[in-house]
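This report goes through selected local features of one structure. Please keep the sequence and the model in view while reading.

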Amino acid sequence: MTATAGGPGSWSENILEYFLRNNHITTEDGAEIIWYHAANHKAQVNEALKSPAHMIEADVLLPSDGSEYSQPIMAHPPETNSDNTLQEWLTEVIKSNKGIKLDFKSLAAVEPSMMLLENVKRHLQRPVWINADILPGPNGNSRVVDAKPFIDTVTSFFPDVTFSLGWTTGWHPEKVNEGYSWTMVKEMEYICKDLNLPVTFPVRAALVRQSCSQLLWLLKKSNRYSLTIWTGKNDNYSIEDLLCIRDHFDKKQVFYDILEPQNHEFKQAIGVKVNL
């Protein structure tokens, strides 16, 4: 039985509603969602499935050797090979009830991946997020995934999914880092305004405080929109930056996929229980 769009068990079901319904969180607060980031290799998937994480994030690309073309693998650039294929990854993950987020670094990997997802769709009655960086952002490069063919390919297979659409970004410790500009958020809204699907915008924690006005404007454009705060491994940002976001945005519209130790410190500061 196919779940109705946005309804219980559908890929576009709001993750807060899904995990509340399954008694995995206690309130509609995006900070309660626990993430496992880059669950690509088999050992990481195993760890992620045993962990308290609600959402498992992983990266999909086509292998560099070309021998298994059309067989997507789980790896994050600069890696181009893996001990795990998307098919093997899905076989393990569908045994759990965790939500999934698949991050695509190239358009070429999307269609073969959608075909594999289609094969397991009936076993995936939970939120599924499909992610790509589709626009250049602050200090970002122009190596983006072309938005229209990406969105069209995904929706041709799955008209009911949650999109995660971001900007390429960079962060430099030696200089003042500009945030997300008005042009950047307006361009994103132009792409997303006619998508009748939930969209979350992954934004870099170190760049958000200087972009509050722009991101607030973007979220006010639709109740389908949310933010997912993420962090680069060497980014320099403070808990105060995260608390600033917390103070200015609706708790139901912001998720935090951030690294330790800031994740623990942030959750302690806002009184959200930390599962270790």
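## K42 and its partner

In this predicted model, K42 is partly exposed, with a relative accessibility of 39%. The side chain of K42 forms a salt bridge with that of E88, at 3.5 Å from N to O.

## Other salt bridges

The pair of K42 and E88 is a salt bridge, and a search of the whole structure finds ten salt bridges. Another one brings together the side chains of D59 and K105, with 3.9 Å from N to O. This pair links distant parts of the chain: D59 sits in strand β2 (residues 55–61), while K105 sits in the loop between β4 (99–104) and α4 (110–120), 46 residues apart. D59 is buried, with a relative accessible area of 1%. K105 is partly exposed, with a relative accessible area of 31%.

A further salt bridge is formed by the side chains of E92 and K95, at 3.2 Å from N to O. E92 is partly exposed at 34% relative accessibility, and K95 is exposed at 62%. Salt bridges with shared partners also join D59, D103 and K105 into one network.

## Cis peptide bonds and positive phi angles

Most peptide bonds are trans, and most residues other than glycine have a negative phi. The cases below depart from one or the other of these patterns.

Which peptide bond is cis with an omega of about 15°? The bond in question joins P77 and P78. P78 is placed in the loop between β3 (73–74) and α3. The peptide bond from E260 to P261 is cis as well, with omega near 5°. P261 is located in the loop between β9 (254–257) and α10 (262–270).

N23 is not a glycine, yet its phi is positive, at about 60°. N23 is in the loop between α1 (15–21) and β1 (35–36), and it is exposed, with a relative accessible area of 67%. N139, again not a glycine, has a positive phi of about 55°. The place of N139 is the loop between β5 (128–136) and α5 (147–157). At 33% relative accessibility, N139 is partly exposed.

## Cysteines without disulfides

How many disulfides does the structure hold? The number is zero. C212 is in no disulfide, and the nearest cysteine sulfur to it, that of C244, is 4.3 Å away.

Helix α6 spans residues 182–192, and its buried residues are M184, V185, M188, E189 and C192. These residues cover an arc of only 130° around the axis, which puts them on the same side of α6.

What do the buried residues of α6 pack against? Their contacts are with β5, β6 (162–168), β7 (199–204), α8 (212–220) and β8 (225–230). The face of α6 turned away from the buried side carries the exposed residues T183 and Y190.

Definitions and conventions. Residues numbered from 1 in each chain as written. Predicted model: local features only at pLDDT ≥ 70, side-chain atom pairs only at ≥ 80, totals over all residues. Heavy atoms only, no water. Salt bridge = Lys/Arg side-chain N within 4 Å of Asp/Glu carboxyl O. Buried < 20%, exposed > 50% of the residue type's maximum accessible area, 1.4 Å probe, protein only. Helix = DSSP H or I, 4+ residues; strand = E, 2+ residues; numbered from the N terminus. Disulfide = S-S within 2.5 Å. Arc of directions from axis to C-beta. Contact = heavy atoms within 4.5 Å.
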